[in-house]
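Dear colleague,

Please find below the structure that I am handing over to you.

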Amino acid sequence: MIGFLRGRLTAKHPPQLLIDVGGVGYEVEAPMSTFYVLPPVGSDVSLFTHLVVREDAHVLFGFGSERERRLFRELIKVSNVGPKLALALLSGMTVDSFLLCIEAQDADTLVKIPGVGRKTAERLLIEMRDRIKNLTGLDTAVPIAAGAVATAGNGAQAEAFSALVALGYKPAEVTRLLKAVDPGARTTEELIRGALQVAAAK
């Protein structure tokens, strides 16, 4: 099991990353909460990881904190919740927000996440009720990068569009969400964050 990566960030196309570790390029999928704090391409980066082994592929997921990784691991134990849906949940809300949803038995907030229907939300509320005890008190985070600053780049709108579609939103919905984002949002991360905030508020 690969539990941790430290190397040079060579590419980032939400939700995918490419990290050069000693000359080996690791393809990693990460939630948007991790993307928001990533440094520019070419910088050193450190991430907690979880390896999912499937018949057709080995997929590595990366997280900026141990709490995110722990929640991801608990989510994929829930019936009918796979890695893609777990990533969407972590992208659509913080760990603390998710824990509050479970404690308050708030299914209405969960169903705003793409891919989470009413039955899945209710299943999450039931099955995660006891498991959230494993997440309290965990705040360990790796230093993703010193002075990580998001920088504007060409094609930010296109990258944001692709990332939101990858998270499960329909193209027409993504177009509507991005149009509703504050005009001051320029980077891919700012556009995605804004779109997710719009989606959560509807």
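**Findings**

Gln105 is partly exposed, with a relative accessible area of 34%; partly exposed covers the range between buried, under 20% relative accessible area, and exposed, over 50% (1.4 Å probe, protein chains only). The residue has a positive phi of about 55° although it is not a glycine, and Gln105 lies in the loop between α4 and α5 (107-110).

Please note that this is a predicted model, in which local features need pLDDT of at least 70 and side-chain atom pairs count only at pLDDT 80 or more, while totals for chains, interfaces and linings use all residues. Residues are numbered from 1 along each chain as its sequence is written, and side-chain values use heavy atoms, with hydrogens and water left out.

**Overall architecture**

The chain has nine helices and five strands, where helices (H or I, at least four residues) and strands (E, at least two) are DSSP runs numbered from the N terminus. In order from the N terminus, the elements are β-β-β-α-β-β-α-α-α-α-α-α-α-α. Of the 202 residues, 45% count as buried. Among the contacts in the chain with a separation of 6 or more, 60% are between residues 24 or more positions apart, a contact being heavy atoms within 4.5 Å.

**Salt bridges**

Side chains of opposite charge can pair when their charged atoms come close. The structure holds nine salt bridges, each defined as a side-chain nitrogen of Lys or Arg within 4 Å of a carboxyl oxygen of Asp or Glu.

One of them pairs Arg8 with Asp20, whose closest N and O atoms are 3.3 Å apart. Arg8 lies in strand β1 (residues 4-13) and Asp20 in strand β2 (residues 16-21), so this pair ties together parts that are twelve residues apart in sequence. Arg8 is partly exposed at 37% relative accessibility, and Asp20 is partly exposed at 23%.

Another salt bridge joins Asp96 and Arg67, at 2.9 Å from N to O. This pair links distant parts of the chain, with Asp96 in helix α4 (residues 95-104) and Arg67 in helix α2 (residues 66-75), 29 residues apart. Asp96 counts as partly exposed at 44% relative accessibility, whereas Arg67 is buried at 14%.

Glu74 also forms a salt bridge with Lys77, the closest N and O atoms being 3.7 Å apart. Glu74 is buried, with a relative accessible area of 6%, while Lys77 is exposed at 51%.

**The largest pocket**

Rolling a probe the size of a water molecule over the atoms shows where empty space is left. A pocket here is an open set of points on a 1 Å grid over the protein atoms alone, where a 1.4 Å probe fits, with protein on both sides within 12 Å along at least five of seven lines; lining residues have an atom within 4 Å of a point. The largest pocket has a volume of about 350 Å³, that is, the space filled by probe spheres set on points joined across faces, edges and corners.

Its lining consists of 17 residues, of which Ser33, Leu90, Met93, Thr94 and Val95 lie nearest the centre. The helices α2, α3 (83-92), α4 and α9 (188-201) each supply at least two lining residues, and α9 gives the most, with four. By class, the lining has six nonpolar, seven polar and four charged residues; Ala, Val, Leu, Ile, Met, Phe, Trp, Tyr, Cys and Pro count as nonpolar, Asp, Glu, Lys and Arg as charged, and the others, Gly among them, as polar.

**Loop features**

A cis peptide bond joins Pro14 and Pro15, with omega of about 5°, and Pro15 is found in the loop between β1 and β2. Asn80, in the loop between α2 and α3, has a positive phi of about 65° although it is not a glycine. Asn80 counts as exposed at 64% relative accessibility.

Val181 is placed in the loop between α8 (171-179) and α9 and is buried, with a relative accessible area of 9%. Leaving aside residues up to four places away in sequence, Val181 touches Leu191, Gly194 and Ala195.

With kind regards
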